[in-house]
Amino acid sequence: MTSSAMAPQTQEFRKGAYRTLFPQVTAIRPSVAPALPVDRQLVHRARPQDVLPTGSTRHDDTSFTVSARLPHHHRLFMTSDGRYKASYVLEAIRQTTLLVSHAELGVLLGHHFVMWDMGHRLDAELPAFGTAPEELTLDVEVTELRQRGAVPSGVALEMTIRAAGDAIGSGFIRFNITSPAAYTRIRGTRPTSALPAPALPAPVDPPSVHHTRECDVVLAASDRPGRWQLRADPANTLFFDRVNDHIPAMVLVEAAQQAAGLLVPRNRGRFLPSSSRMNFSRYVELDQPCWIEAHQDTTEDGTPSVRVTGHQSEQLAFVIEFADTAAR
């Protein structure tokens, strides 16, 4: 997530401008086809339990299918009663993007993915824990491809999400790709390695956001309703499984999910939205306060929604909107 001033002025993205970054790994070329299960480097995860894709199939230069497991237990992606959160679908889309980019489109490991926007929609609930199937498939279409030499520099993907062969939803994502040297220039004088861990404000009550561990709570109370301070513990390997110089996108998605859940009337159950749209314009830095605000709204077709924003240094950093937000 970089300053919007750094976005190429000639580019037009019909779904907005979303930018985020994923951790650095050694700059080497991956194998052409990933093994089963996929190499953790290909999806930028360090913990095996966080790797979702199990394989990929190439149909042609712009069409691929990726299989993604439905984890049996995961304290970030699942509720305590075994239902999958929106964050699972979004992480499956993100990891599918990384896998296809490295294994199929020729993006080198060590390059950075600068996301412009991402979202999903489910038309049916994901299979419940313990029921068949235990994997999803994501049919991926490359709808936009820009290259710098032989390496992609800008890509847009659209995905059809399937369970047991039936289409149950969709996803989209748009991103740029930068080399390690370009990323260093983007970050300017900011360090691109680990920063000292900041002091964390006290979390909201974990059960109020359906967690049991304080370290998994990414919101702290503020002095007014509908507003919270972002808190993220770099020692929590659920969010920071490798060195990072900014707040990872996964933390921001979780913060939006927790904020929206606090806003939606809690007497109706858990907050499990069926769709999302995301737009990021700046990196969220580790060493500065970030303020999260949530507002209930409706989409153009009258669907209930929650709009969550993040501001840092009085500048908008991201917008995440969840739709069909009836808690259940």
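At 36% relative accessibility, His210 counts as partly exposed; the class runs between buried, under 20% relative accessible area, and exposed, over 50%, with a 1.4 Å probe and protein chains only. The model is predicted, and local features need pLDDT of at least 70, side-chain atom pairs count only at pLDDT 80 or more, and totals for chains, interfaces and linings use all residues. Residues are numbered from 1 along each chain as its sequence is written, and side-chain values use heavy atoms, with hydrogens and water left out.

**Chain overview**

- The chain holds three helices and twelve strands; these are DSSP runs numbered from the N terminus, with helices being H or I of at least four residues and strands being E of at least two.
- Of the 328 residues in the chain, 54% are buried.
- Among contacts in the chain with a separation of 6 or more, 66% come from residues 24 or more positions apart, where contact means heavy atoms within 4.5 Å.

**Positive phi**

- Most residues other than glycine have a negative phi.
- His210 is not a glycine, yet its phi is positive, at about 60°.
- The position of His210 is in the loop between helix H2 (180-187) and strand S7 (219-221).
- His44 also has a positive phi, near 60°, and is a residue other than glycine.
- His44 belongs to the segment before S1.
- With a relative accessible area of 1%, His44 is buried.

**Packing of helices H1 and H3**

- Two packed helices are described by the angle between their axes and the distance between the axes.
- For helix H1 (residues 86-103) and H3, the axes come within 10 Å and cross at roughly 155°; axes are lines fitted to C-alpha atoms, for helices over the stretch in contact, and angles run from 0 to 180 degrees between N-to-C directions.
- That angle makes H1 roughly antiparallel to H3, because angles over 145 degrees count as roughly antiparallel, under 35 as roughly parallel, 65 to 115 as roughly perpendicular and the rest as oblique.
- H1 and H3 have a right-handed crossing, the term for a near helix turned clockwise from the far one by less than a right angle, whereas anticlockwise is left-handed.
- On the H1 side, Ala86, Ser87, Leu90 and Glu91 meet Met250, Val253, Glu254 and Gln257 of H3.
- The residues in this contact of H1 with H3 divide into four nonpolar, two polar and two charged; Ala, Val, Leu, Ile, Met, Phe, Trp, Tyr, Cys and Pro count as nonpolar, Asp, Glu, Lys and Arg as charged, and the others, Gly among them, as polar.

**Thr96 in H1**

- Thr96 is placed in helix H1 and counts as buried, at 0% relative accessibility.
- Neighbours within four places in sequence aside, Thr96 is in contact with Pro53, Val66, Leu138, Val140 and Met159.

- Arg47 sits in the segment before strand S1 (53-60).
- Arg47 has a relative accessibility of 16% and therefore counts as buried.
- Not counting residues up to four places away in sequence, Arg47 touches Arg40, His74, Thr237, Leu238 and Asp241.
- From C-alpha to C-alpha, Arg47 and Leu238 are 8.5 Å apart in space, while in sequence they are 191 residues apart.
- The side chains of Arg47 and Asp50 make a polar contact of 2.7 Å; such a contact is a pair of N or O atoms within 3.5 Å, where within protein one must be able to donate a hydrogen and the other to accept it, and residues adjacent in sequence count only if both atoms are side-chain atoms.

**Asn244 and its loop**

- Asn244 is in the loop between strand S8 (227-230) and helix H3 (249-263).
- With a relative accessible area of 10%, Asn244 is buried.
- The side chains of Asn244 and His246 are joined by a polar contact of 2.8 Å.

- Val114 lies in strand S3 and is buried at 1% relative accessibility.
- Val114 and Ile177 are 5.9 Å apart in space, C-alpha to C-alpha, and 63 residues apart in sequence.
- Leu109 is located in the loop between H1 and strand S3 (112-122) and is buried at 2% relative accessibility.
- For Leu109 and Ser179, the spacing is 70 residues in sequence and 9.6 Å in space, C-alpha to C-alpha.
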